[in-house]
Amino acid sequence: MSKKCFGCGISLQITDSSKLGFVKSLDMDYCMRCFRLKNYHENSKLAFEVDNFKILEKVNKGQGKVFFFIDILNIYQETISLFSKVKLPKVLVISKIDVLPKNISLKVIENYLRKYFHVQEEILFVQKKKSSAKKVYEYISKDKWKNFYFLGLTNAGKSSLLNLLLEELVTNSKPITVSEIPNTTLDFIEISLPNKKKIQDSVGLTYKYCFQEFEMLQKKLVKKEIKPKNFYLKKGTILALENQIFLKLDDVNSITWFGSENLEIKKIYKERGEYISFSVPEKTNVYLKGVGFFYVKNKAVVQIAGLKKENIAIESSFLGGNFYE
Ligand SMILES: Nc1nc2c(ncn2[C@@H]2O[C@H](COP(=O)(O)OP(=O)(O)O)[C@@H](O)[C@H]2O)c(=O)[nH]1
Ligand SMILES: [Mg+2]
């Protein structure tokens with residue numbers, strides 16, 4: 001078996017520097033791409049296509065239990081249906097909960113997942129913190145399964161949590177590469193734990209996320225609790241996000257942005273681009289996939305320009321009281 005990169009799991013090779021997995025010498029533990037990502041925060045231009053079907057098929061043929069990661073800003077039909085394609089015993093892991101405004105309880109999110117998306121499996125809430133790593137480790141220690149997969153959306157924080165777990169538990173562990181670009185992890189990475197169990201970190205599943213450019217991928221990253229930005233929109237007013245995505249409503253309405261504060265959102269009054277329209281009932285989340293969501297309070301016709309329809313998801317919101325008990 002060929003030697004694999006500790007950072008991303010790809011097979012190492014010394015023959016072609018323009019291909020993934022290149023190292024100057026096979027004594028090295030990290031491929032050139034991981035080295036650059038880690039030390040220079042530099043995005044490699046090498047393309048990597050992920051086939052969700054293949055990854056799911058590989059896991060479904062395996063044995064063990066799946067921790068399926070969806071981050072708190074990407075809960076909608078497309079991502080939940082990826083979760084439903086996992087045939088092994090599974091736990092839904094909602095990650096990056098540190099970004100959720102404190103006035104929204106996890107109980108509300110759980111009720112939402114159960115009542116609106118009909119999730120029946122166990123749900124774990126995690127963030128990039130030691131306490132979450134410990135929670136996962138304790139879960140694994142007690143569980144009857146020996147093998148666990150970290151599967152789920154790309155960029156949901158799988159490798160970050162696994163690194164914390166390694167730091168805590170495995171002496172001289174080498175960190176897995178973590179970054180803001182989608183598909184940092186390129187192949188399965190198997191990790192043996194002191195409790196004799198195994199975790200397989202995996203290639204993140206892709207979905208129809210909005211941004212591809214490195215600069216925007218960095219900007220959209222939410223690093224701490226979101227401070228929702230409220231806008232009172234009159235007819236004819238357009239909200240412009242980074243001067244790339246434009247949104248308007250058919251009537252006076254209140255709209256709130258939940259996403260990175262580094263993204264510029266401002267009101268403009270000049271028409272831009274071609275709009276796609278959605279009729280939404282009250283209390284709706286309009287997701288810009290992979291970035292964040294607008295909470296639309298009242299029934300409206302929402303029009304969006306600068307994105308394809310597949311980059312947008314519309315769901316009844318967990319905000320507004322329906323899922324409080
Ligand atoms: N705010 C926040 N950011 C996180 C968390 N976990 C990971 N990240 C960031 O999200 C990005 C993707 O993380 P990574 O672990 O590579 O995700 P993976 O693709 O699922 O393995 C990185 O920039 C991380 O720093 C978290 O719990 N909260
Ligand atoms: Mg990863």
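Strands S5 and S6 (the latter residues 198-201) run antiparallel and are joined by four bridges. Helices and strands here are DSSP runs numbered from the N terminus (H or I over at least four residues for helices, E over at least two for strands), and two strands pair if DSSP finds at least two bridges between them. This is a predicted model, where local features need pLDDT of at least 70 and side-chain atom pairs count only at pLDDT 80 or more, while totals for chains, interfaces and linings use all residues. Residues are numbered from 1 along each chain as its sequence is written, with chains lettered from A and ligands numbered from 1 in the order in which they are written.

Zooming out, S5 and S6 belong to an open sheet of six strands, ordered S3-S2-S1-S4-S6-S5, with mixed pairing. S3 (122-125) and S5 (189-192) sit at the edges with a single partner strand each, so one side of each has no neighbour in the sheet. On average, neighbouring strands are turned by 25° against each other, direction ignored; the axes behind that angle are lines fitted to C-alpha atoms, for helices over the stretch in contact, and angles run from 0 to 180 degrees between N-to-C directions.

As for the whole chain, there are seven helices and 16 strands. The C-alpha trace spans about 65 × 45 × 30 Å along its principal axes. Some 37% of the 325 residues count as buried (20 or more other C-beta atoms within 10 Å of a residue's own; 12 or fewer means exposed, in between partly exposed, with C-beta atoms placed from the backbone).

Ile 97 lies in the loop between strand S2 (90-95) and helix H4 (106-115). It counts as partly exposed because it has 19 C-beta neighbours inside 10 Å. Beyond neighbours within four places in sequence, Ile 97 contacts Ile 72, Leu 106, Phe 125, Val 126 and Gln 127 (contact being C-beta atoms, placed from the backbone, within 7 Å). Lys 224 is 127 residues away from Ile 97 in sequence, yet the two are 9.3 Å apart, C-alpha to C-alpha.

Definitions and conventions: Contact = placed C-beta atoms within 7 Å.
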